[in-house]
Amino acid sequence: RFCFEGFPSRKAGERLRSFQALARERRTLIFFEAPHRLGATLASMVGAWGGDRLASVSREITKRYEETRRGALSELAAWAAGSEVRGEIVVVVAGKTREAPPLASLVAEALSRIESGERAKVVVADLAATFGVAQRELYAAVVEARSTLEVNLAATRDRRIGGHARKLQRARVDRVNVGAGAGQHDGIAWR
């Protein structure tokens, strides 16, 4: 998905404010720019969005001498400041990426959804697509967490059963002759 913004404002303050208003835009942004203002525009983009956002600057699109430079906004701003650019300019900037939560929280979300009845494959595919994480990595983490959880549950169950067995062993029940002795009740003596 993309958003065409046309020419940015010529005035530096307005240009910076309009870029700041677009800071949370997730769609790819497309701008036209005059070659003599390209350096200032890219510098304003770096100021509003940071220098790490990916972008491309294309010159003379669909013409014989078409040229495209790709990189981080800070790299492109340095390039534009140090060279004389000519021709019709199109600037394409990647939209804001959705920051993925830590893998542990995604695994916890997946486990709760799986426990509620959803299939693991469907849950992992949905979370991976939503947060832009590698599906294979998330699935491996979910499988590992499920196996760890099952091992912990089994160990807890074994401890409970083991503890119960020890209690029964301490209070052994022996059948004795039915009699009226101390500690006897209905033919069972508790020791």
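Guide: In this predicted model, helix H1, which spans residues 12-21, packs with helix H2, residues 38-49, at an angle of about 45 degrees, and their axes lie 9 Å apart. The two helices, H1 and H2, are therefore oblique to each other, and H1 passes H2 in a right-handed crossing. On the H1 side the contact is formed by Arg-15, Leu-16, Phe-19 and Gln-20, while H2 contributes Ala-40, Thr-41, Ser-44, Met-45, Gly-47, Ala-48 and Trp-49. Sorted by class, the residues of this contact between H1 and H2 are six nonpolar, four polar and one charged.

H2 also meets helix H3, residues 73-82, where the axes come within 8 Å and cross at roughly 155 degrees. H2 and H3 are therefore roughly antiparallel to each other, and their crossing is left-handed, whereas that of H1 and H2 is right-handed. From H2 the residues Leu-38, Gly-39, Leu-42, Ala-43, Met-45, Val-46 and Trp-49 take part, and they meet Leu-73, Ser-74, Leu-76, Ala-77, Trp-79 and Ala-80 of H3. The contact of H2 with H3 comprises eleven nonpolar residues, two polar ones and no charged ones. Met-45 and Trp-49 are listed in the contact of H2 with H1, and both are listed again in the contact of H2 with H3.

The sheet comes next. It is an open sheet of five strands in the order S1-S2-S5-S3-S4, with mixed pairing. Strands S1 and S4 (67-72) stand at the edges with a single partner strand each, so one side of each is left without a neighbour in the sheet. Neighbouring strands of this sheet are turned against each other by 20 degrees on average, direction ignored. H2 packs on the sheet, where it touches S2, strand S3 (54-59) and strand S5 (89-93), and the direction of H2 makes about 10 degrees with that of S5.

Within the sheet, strand S1 (residues 2-6) pairs with strand S2 (residues 28-33) in the parallel sense over four bridges. Cys-3 has Leu-29 of S2 as its bridge partner, Phe-4 stands opposite Ile-30 in S2, and Gly-6 has Phe-31 of S2 as its bridge partner. On its other pairing, S2 runs antiparallel to S5 and is joined to S5 by five bridges, with Phe-31 standing opposite Val-91 in S5.

Helix H4 (residues 103-115) packs with helix H5 (residues 120-131) at an angle of about 145 degrees, with the axes 9 Å apart, and the crossing of H4 and H5 is right-handed. Here Leu-106, Glu-109, Ala-110, Arg-113 and Ile-114 of H4 meet Ala-120, Val-123, Asp-126, Leu-127 and Phe-131 of H5. By class, this contact of H4 with H5 has seven nonpolar residues, no polar ones and three charged ones.

Technical notes. Residues numbered from 1 in each chain as written. Predicted model: local features only at pLDDT ≥ 70, side-chain atom pairs only at ≥ 80, totals over all residues. Heavy atoms only, no water. Axes fitted to C-alpha atoms, helices over the stretch in contact; angles between N-to-C directions. Parallel < 35°, antiparallel > 145°, perpendicular 65-115°, else oblique. Left-handed = near helix turned anticlockwise from the far one by under 90°. Contact = heavy atoms within 4.5 Å. Nonpolar A, V, L, I, M, F, W, Y, C, P; charged D, E, K, R; others polar. Pairing = 2+ DSSP bridges.
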